[in-house]
Structure formats: structure tokens, C-alpha cells
Amino acid sequence: AFAGVGLLPYLRCRVYSGDVGMAKPDPAIFHVAERLAGVAGKRMLYVGNDREADIKGAADVGWSTAFRRSGQSTSGGLADIEFEDISELVRFCMDD
């Protein structure tokens, strides 16, 4: 899927639940991603659209979070930012 939309060259590290035997929101999968990407201990921003698996999971390990809203869905105040248009996320990242 990433290759089909031209994103694969930008993703040097990918973690798939089936490959590592764990899934979000298990904190262990986020730590695996940190280690594989070589970013453990650095400031991270996780962008997702699932309140429990993406936002709660990433927040539980200390990552900043951005929730992509669709329709009436919200993070219920759990995410650092909620956005519908990608320009909102870009502004958030540039302001910080």
C-alpha cells in the first residue's frame, strides 16, 4: 500500500503487528518501533485515527499524539491536537 501511493521511500522503518507478535495499544510495540528507528528517548509524535490503539497507546509511552478526525469522531481530549486537514497538523508541528 505504501509503495502504491509513493510513500515507501520515506519510511525507512515499519513495524507490523504480525511480524513482532504484539499490537497497539500494547506499550511494547511502541518501544519496538523506537528501537528499530533508533529514536528511543527522543520526542515523538504519533498520528492516528483510533482513540484507543493509536492515541492512548502512544500517550501511555510518553509520545505526543495527533488525532485525525473523520466525521464526528474525537479523541475525547486525549490527543495533543485533533485535526481534519493536514495543514492543521503542519501548523502544529511548525509552531512547536
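Biologist: How do β1 and β2 pair, parallel or antiparallel?

Modeller: They pair in the parallel sense, over four bridges. Keep in mind that this is a predicted model.

Biologist: What kind of unit do β1, α3 and β2 make?

Modeller: A right-handed β-α-β unit.

Biologist: Back to β2: how many of its residues are buried?

Modeller: Four of the five, so the strand is largely enclosed by the rest of the structure.

Biologist: Why does S64 count as buried?

Modeller: Because its relative accessibility is 17%, and the cut-off for buried is under 20%. Leaving aside neighbours within four places in sequence, S64 is in contact with R43, M44, L45, Y46 and D80.

Biologist: OK, switching to α3. Which of its residues are buried?

Modeller: In that helix, residues 51-60, the buried ones are A53, D54, I55, G57 and A58. The elements covering them include α2, β1 and β2.

Biologist: What happens at the start of α3?

Modeller: A side-chain oxygen of D50 reaches to within 3.1 Å of the backbone nitrogen of E52. After the helix comes G62, with a positive phi near 90°.

Biologist: What about the largest nonpolar core, which residues make it up?

Modeller: Ten residues in all: I29, F30, A33, A37, V39, M44, Y46, A58, V61 and W63. The largest share of this core comes from α2, with four residues.

Biologist: One more, S75. Where is that?

Modeller: In the loop between β2 and β3.

Biologist: Is S75 buried or exposed?

Modeller: Buried, with a relative accessible area of 0%.

Biologist: So what does the side chain of S75 make a polar contact with?

Modeller: With the side chain of E82, at 2.6 Å. If you skip residues up to four places away in sequence, S75 touches R51, F67 and E82.

Biologist: Great, I'll go and look at that loop on screen.

Notes. Residues numbered from 1 in each chain as written. Predicted model: local features only at pLDDT ≥ 70, side-chain atom pairs only at ≥ 80, totals over all residues. Heavy atoms only, no water. Buried < 20%, exposed > 50% of the residue type's maximum accessible area, 1.4 Å probe, protein only. Helix = DSSP H or I, 4+ residues; strand = E, 2+ residues; numbered from the N terminus. Contact = heavy atoms within 4.5 Å. Polar contact = N/O pair within 3.5 Å; in protein donor to acceptor, adjacent residues only side chain to side chain. Core = buried A, V, L, I, M, F, W, Y, C linked by side-chain atoms within 4.5 Å. Pairing = 2+ DSSP bridges. Right-handed = clockwise from strand over helix to strand, strands pointing away.
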